[in-house]
Amino acid sequence: MSAIIVFQDVGKAFANGVQAVSGINLAVEEGDFITVVGPSGCGKSTILNMTAGLFQPSAGQVLYRGQPVTGINSRTGYMTQVDHLLPWRTVAGNIAVPLEIAGRGKKEIAGEVERLLALVGLVGFGASYPTQLSGGMRKRAALARLLAYDPETLLMDEPFGALDAQMRLTLQIQLKKLCRSLGKTVFFVTHDIDEAVALGDKCVVFTSRPGTIQQVITSSLPSERDLMTLRFNPAYAEECAQLWRILAPALEAQNSPQEA
Amino acid sequence: MSAIIVFQDVGKAFANGVQAVSGINLAVEEGDFITVVGPSGCGKSTILNMTAGLFQPSAGQVLYRGQPVTGINSRTGYMTQVDHLLPWRTVAGNIAVPLEIAGRGKKEIAGEVERLLALVGLVGFGASYPTQLSGGMRKRAALARLLAYDPETLLMDEPFGALDAQMRLTLQIQLKKLCRSLGKTVFFVTHDIDEAVALGDKCVVFTSRPGTIQQVITSSLPSERDLMTLRFNPAYAEECAQLWRILAPALEAQNSPQEA
Amino acid sequence: MVLVLQLALAVVLLTAWQFLSPALDMVFFISTPQAIAESFIGLARSGSLLFHAGITTLEAGLGFLLGGGAGMFAGVLLGRNKLLSDVLQPFLTAFYSLPKAALGPLFILWFGIGLNMKILLAATIVFFIVFLNTFRGVREVSPEQIAILRLMNAKERHLLTKVILPSAIVWVFAGLRLSVPYALIGAIVGEIIASNRGLGYLLSYSASRFDTAGTFAALGAIVILALILNKILDISERRLMPWRVSDAGREIVV
Amino acid sequence: MVLVLQLALAVVLLTAWQFLSPALDMVFFISTPQAIAESFIGLARSGSLLFHAGITTLEAGLGFLLGGGAGMFAGVLLGRNKLLSDVLQPFLTAFYSLPKAALGPLFILWFGIGLNMKILLAATIVFFIVFLNTFRGVREVSPEQIAILRLMNAKERHLLTKVILPSAIVWVFAGLRLSVPYALIGAIVGEIIASNRGLGYLLSYSASRFDTAGTFAALGAIVILALILNKILDISERRLMPWRVSDAGREIVV
Amino acid sequence: QQKVVFAFGSDGFLFLPYYVAVGAGYFEREGIKPELVVLNGGPLAMAAILSGDADVMGSGIHLNIEAQMRKQDVKAFAALVTHVPSQLIIQGDIAKKAGITEQTPIAERLKLLKGLRIGITGVGSSTDKFLRSMLNFVKIDPERDVTIVPMGTAAPLLAAFSQKRIDAYVFSSPTAETGRLKFGGATLVNLGSGEFEPLKDFLYNCLTARADWLKKNAETTRKIVRATTSALELIQKDPEAAQKAALPFFDKLDPALYKEAYRQSMSSYPLSPRIDEPGVEANYVFEEEAEGKRPNVDPKVLYTNDYIEPAKR
Ligand SMILES: Nc1ncnc2c1ncn2[C@@H]1O[C@H](COP(=O)(O)OP(=O)(O)OP(=O)(O)O)[C@@H](O)[C@H]1O
Ligand SMILES: Nc1ncnc2c1ncn2[C@@H]1O[C@H](COP(=O)(O)OP(=O)(O)OP(=O)(O)O)[C@@H](O)[C@H]1O
Ligand SMILES: [Mg+2]
Ligand SMILES: [Mg+2]
């Protein structure tokens, strides 16, 4: 295994002076499933954005396969926090976008779209426009679009946040299976501590803004796990509790809510 | 206590023929904290939209204080699933909107905005534009805007979905306290089963689309609860587990993900 | 309902005109609807209205297509290329602000007094309006959506067809709608500059004979043409934006 | 960098003009930059350029303000009122598509041959362009945001100031930008119809004497005016949209 | 039938000989199929023949001076109007108050203009020049003592006159008559009648073509000239027939107005299209006034009568 994404002393201060993250050092191995947790506004999305090459760090550098990321990094697929579906395309049309870009045939695209609609539970909504979907359905459409193309690294920013527990579990299982079988590297931001523990091979914990890496927890759970029954696994429960404890001090940080 | 919101045989079919909900009968008492759970796309947001009067049901009627809701119902405050902040206003400007509409003085508005920024942990970001915020920060700004005005009923569509566990807990506590002290009625949609149990006096469980009410669970927990320590409360754990079991069959419903 | 109100308004306006024009002693300058209608019918019967209107339509139509096409092209090109647009912007503004009629001699010199001159005059006017609106539309495209597509390895041509054009199309159509009358006006100015056929000819011929009814009949024909062209735009707009159609009837969901 | 390229382009164009004009035997029609510059400087020295330009600026400026203001007002009014706009739309299209020059006699009948007439002619042309763009802008306002504000008990006036205007302002400015040259053209057409001062007068005076250099000098003054007015628009646009400024330099975050 | 494209700088009675020639079938007789394009001003007509899209232009000879000054070789080859056809029309009440009659001496009449607002077609146009010539004659300063308002075309001018926004105007038929018959105007001076001495002989309107076109189309030119000659003769010798011949081109005009306009302008047309030196020279006077110096162009290059003699066979 070799490091596919490397953060070297990465810091990012935005144009308006807000320091989002600073001093990030992290190496992501190929095939790793990395979950990222941390307080709201600590720079998790910023990290993903820099990995995708949407903007440059203001300090240090992000390496992808040893090369500094200087422009759009199209070897990554990015499921963003906000869905960014194209409003002028139907759900099927949106999912087809990466396939059309890849130059696939019409028939092939249609078949693939059908498969993906089924995968995310949107059968029958292929002809709907994004405005005609519920919030969770839009997220699932975005997920299907991400899965439609075949990047070696998946950047996922709270992909399952708007989904009900059942749907979330099903899609988690699908995602895990997919990644294992295709050897994808995944960088997965979540607010759900249980989800971070359940999915991650490693879990990166951020401090509050300016975000730094507080801790990297390597899961004691086997890489092959049965997510269905994980709820009843004592090791899992223990890791969740541990993560809770780590994140607790963040409550005292500058940015946290105060008594009104 | 008297019913403030009543759904009478409410059904909603959208213009494109999608039947979102059907046969909804529900009475919400004044001062109730109602949580709503159900699979993604089952019509939870639709229910809130109809309560706010954004559109009419296609069957039955929604009564608010005994009157059918026929237009915008401005006695409700609505924190929508997507934030809908005004991009041309700063965070402070956004929070000030309802106060300006209410015709408050400049000074008063400034003070109130400061207080609310502190409440949701956005001190120092008053002058930022929404595009300069993280996803969770935008949600918090929207929450502050909701709290800035004083509607008798709060409609909240996954208000804490994009927040980390700590922030979420803090805001839950604030919200609960606020509602208790001011006697607000709350209609609270969430995907988080634990949250639904933790906050709700009653929890309404929807089936998958077309959404119908599967069950209304009245909480056995006291109305005054310590959310901080709830995690360790066995009654709470039991109710969560029960809710999990109720929602499980939804997995088999037409809309659910299939094996790819 | 709308139609009834429109008819009522039209009747009121025309009646006022019919009676006020003689009352205020202005028949020489504004004629009366009745005389205009008679003149119009006379022109239509003789076939000369159709002939002249046909020529103007041809000129305005070709000018519209040419100018609109070039305007869209330039708008997209400059909208996507900041350096180019920064450099060219003052030059374009300069050319845009030249009164086209003052360029009459140049147009005649270069393109003669035939169809070409009128088509190009119309095209020049249309070009700038469509260009400016298209340009603004391309600039208003969400950079986020472009970034998302570039992550999917989209080339410029994919961006164009999948994001930029669909997103800018409202602007493009606003520009086209603005320029429909200007295409006609361009053709007519061209015909007035050098006329022996077309509605502009009819206009200046009638004007030089103090045939006010004829002048207004020609103006009426121009207006009818504009309304027809607008209708065509409406229809093509609706066809090109299916997602808007489903928008129209939709419930506002937040 | 941009400036350098602009200068280079200008030099290339002017040099080509300077040499091709005599070479192609077209001095009669397009003069040469040198002759134009001399004529321009002569006019400027004598003070008559400033005098005429001042009058045209006054007419175009007032016409722009009047037409732009009325256009925005009507655009917002009709944008917010579907019935009204449905009823009035064909009438507005009809008036819009009338060649304004053909209405010269009417303008004179009603507004005389003084400043008023020119201001109103410019205003009429500006009105429709600003109106149509404002209208479209108001129609493009997100109905969701309006619904959200109405839930907060917002009255129409709140919607207007807090949602509709900020959201439509890009469209309004696009319309204003489109109409700057038309304000000038309107004033100049008015001056050509009836005036003994203003750049339009200078234009037709030079043209009638085949003083091509003088004609182009007047055109140059018009262009310079347009560029100045555009610059003013740029500045006010940036001031009225502070959120855009912070947009310009921002990283694209998805 | 040979097609010839005529480009006229304006429309109306200034081109009556052409319309008579068409209406009476003289062009047809010569085997010529004329096509008329009316342009928005003489300069544009000049551009039209220079672009090659039109063959013959009809306009004032001063355009030829300007063109020759700028090395464009165009030549006039037939005169259409040899006396100024314009009239000075004044608001009727002003004339009445001053007690103007046919007998009032010209100078008396012109003195009335002092302080008035006077409409012309455009600055630098012939109407402008004629007006200035008349004002100079009675020592009225055109810049200070009167307001000269260019009005472009007839309709705006008449609109302004009807509203008394202008007190007088200089225009040719039928705009002159319209002001008189419809808006209570009175003729102060009819230049065409020759009553204003300084403008008695003035080559006003002629047919012009590029020199190379003339050379290449000598025979065609002769035919055009022949047709024109016939028309000019008809106008003077049989006004009834000439009026009838041109009627189809003026059928939209009020018949009374048409008659009156014809009567008023008749005296402006020559009997022969021959171009005379004095008429050309009169144009130089104006050019000199406008430019401050005599144009450096030999009058001889402006025109040619070469195509006329043979026509008189
Ligand atoms: N375009 C921007 N301009 C200025 N500041 C920005 C911009 N985008 C983000 N920030 C700031 O950077 C910080 C980190 O933002 P980021 O979106 O990475 O947070 P996050 O960890 O993803 O939070 P969340 O969990 O709420 O999505 C925030 O404080 C935010 O205010
Ligand atoms: N404007 C619309 N037009 C047509 N169908 C719509 C529209 N809005 C929602 N729907 C449909 O109504 C159903 C319910 O939508 P709703 O947004 O209420 O779901 P939800 O329960 O809020 O889901 P989620 O948890 O994903 O937000 C969905 O199937 C959706 O496709
Ligand atoms: Mg984020
Ligand atoms: Mg929802």
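Buried means under 20% relative accessible area, exposed over 50%, and partly exposed in between (1.4 Å probe, protein chains only). This is a predicted model: local features need pLDDT of at least 70, side-chain atom pairs need 80 or more, and totals for chains, interfaces and linings use all residues. Residues count from 1 along each chain as written, chains are lettered from A and ligands numbered from 1 in the order written, and side-chain values use heavy atoms, without hydrogens or water.

Q: How far apart are the closest N and O atoms of the salt bridge between E:E195 and E:R109?
A: A salt bridge puts a side-chain nitrogen of Lys or Arg within 4 Å of a carboxyl oxygen of Asp or Glu. E:E195 pairs with E:R109, and their closest N and O atoms are separated by 3.6 Å.

Q: How many residues apart in sequence are the parts tied together by E:E195 and E:R109?
A: Helices (H or I, at least four residues) and strands (E, at least two) are DSSP runs, numbered from the N terminus. E:E195 sits in the loop between β9 (185–190) and β10 (205–210) of chain E, and E:R109 in helix α6 (residues 106–111) of chain E. The pair therefore ties together parts whose separation in sequence is 86 residues.

Q: Which residues of chain E are linked in a network of salt bridges?
A: The whole structure holds 60 salt bridges over all chains. One network of them links E:R29, E:E30, E:E219, E:R222 and E:R226.

Q: How many residues apart are the parts that D:R177 and D:E237 tie together?
A: D:R177 forms a salt bridge with D:E237, with the closest N and O atoms 2.2 Å apart. D:R177 is in helix α9 of chain D and D:E237 in helix α11, so the pair joins parts of the sequence separated by 60 residues.

Q: Which two chains share the most contacts?
A: Contact means heavy atoms within 4.5 Å. Chain E makes no contact with chain A, and their closest C-alpha atoms lie 49 Å apart. Eight pairs of chains are in contact, and the most contacts are shared by chains C and D.

Q: Which helix of chain D supplies the largest share of the side that touches chain C?
A: Here 60 residues of chain D meet 60 of chain C. The largest share, ten residues, comes from α5(D).

Q: What area is buried between chain E and chain D?
A: Buried area is the accessible area (1.4 Å probe) that two parts lose on being put together, summed over both. In this interface, 29 residues of chain E are in contact with 23 of chain D. Carbon and sulfur atoms give 65% of the buried area, which is about 2,000 Å².

Q: Which residues of chain E lose the most area to chain D?
A: Carbon and sulfur atoms give 65% of the area buried between the two chains. Together, 26% of what the chain E side buries comes from E:R70, E:V123 and E:R165.

Q: Which strand of chain E packs against the buried residues of α10(D)?
A: Seven of the ten residues of α10 (residues 199–208) of chain D are buried, so this helix is largely enclosed by the rest of the structure. Among them are D:Y201, D:L202 and D:L203. They pack against α3 (33–46), α4 (48–80), α9 and α11 of chain D, and in chain E against β7.

Q: Which protein atoms are the donors of the magnesium ion (ligand 3)?
A: Donors are N, O and S atoms within 2.8 Å of the metal (3.2 Å for Na, K and Ca); water is not among the atoms, so sites may look incomplete. At 15% relative accessibility, A:Q81 counts as buried, and A:S45 is buried as well, at 15%. Lying 1.9 to 2.2 Å from the ion, the protein donors are A:S45 (OG) and A:Q81 (OE1).

Q: How many residues apart are the parts tied together by B:S45 and B:Q81?
A: These residues are the protein donors of the magnesium ion (ligand 4). B:S45 lies in helix α1 (residues 44–51) of chain B and B:Q81 in the loop between β6 (76–79) and α2 (91–101), so the parts they tie together have a sequence separation of 36 residues.
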